[in-house]
Amino acid sequence: MGSSLKNAQFLIESRLRDAMRGDPDAYYELGVVYSTGTSGADIDLIEAHKWFNLAAVRGHEAAQYCRAEVADEMTAREIATAQAAARAFLNETARRAA
């Protein structure tokens, strides 16, 4: 495995760890990763919307804009799936914290 791919995977894993702690910047950065395909991730608008939504709810202004941009390219069903995934993530992290 090339060092750039290892670095990309490390970035995603570290952002996921920060997201599990509720860091809105990590949520936003994961949204960017999945909306653009950076850091070796596949473009996944549902996953991007989920992360932007989580960041936006926490007051991240850029995420609010990005969530709207991504939503313009999604179906209503895809948006509903992303919203359900965001709720599931919040429920999972709340259980882990308890």
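The structure is a predicted model, in which local features need pLDDT of at least 70 and side-chain atom pairs count only at pLDDT 80 or more, while totals for chains, interfaces and linings use all residues. Residues are numbered from 1 along each chain as its sequence is written, and side-chain values use heavy atoms, with hydrogens and water left out.

**Overall fold**

The chain holds five helices and zero strands, where helices (H or I, at least four residues) and strands (E, at least two) are DSSP runs numbered from the N terminus. The radius of gyration, taken over C-alpha atoms, is 13 Å, close to the 13 Å that the globule rule (2.2 Å times the number of residues to the power 0.38) gives for 98 residues, so the chain is as compact as a globular protein of that length. Of these 98 residues, 34% count as buried, a word that means under 20% relative accessible area, with exposed meaning over 50% and partly exposed in between, using a 1.4 Å probe and protein chains only.

**The nonpolar core**

A nonpolar core is a set of buried Ala, Val, Leu, Ile, Met, Phe, Trp, Tyr and Cys residues joined through side-chain atoms within 4.5 Å. The largest one has 21 residues, of which Ala-19, Tyr-27, Tyr-34 and Trp-51 touch the most other members. Helix 1 (3-20), helix 2, helix 3, helix 4 (61-71) and helix 5 each give two or more residues to this core, and the largest share, six residues, comes from helix 3.

**Aromatic pairs**

A search of the whole structure finds four aromatic pairs. Rings of Phe, Tyr and Trp (its six-membered ring) pair if their centres lie within 6.5 Å, and planes under 30 degrees apart count as stacked, over 60 as edge-to-face and the rest as tilted. Two of the pairs are set out below.

| Pair | Centre distance | Plane angle | Class |
|---|---|---|---|
| Tyr-28 and Phe-52 | 5.8 Å | 50° | tilted |
| Trp-51 and Phe-89 | 4.9 Å | 70° | edge-to-face |

Because Tyr-28 lies in helix 2 (residues 24-36) and Phe-52 in helix 3 (residues 45-57), their pair ties together parts that are 24 residues apart in sequence. Phe-52 is buried, with a relative accessible area of 1%. The pair of Trp-51 in helix 3 and Phe-89 in helix 5 (residues 76-97) links distant parts of the chain, 38 residues apart. Trp-51 is buried at a relative accessible area of 2%, and Phe-89 is buried at 7%. Ring pairs also link Tyr-27, Trp-51 and Phe-89 into a cluster.
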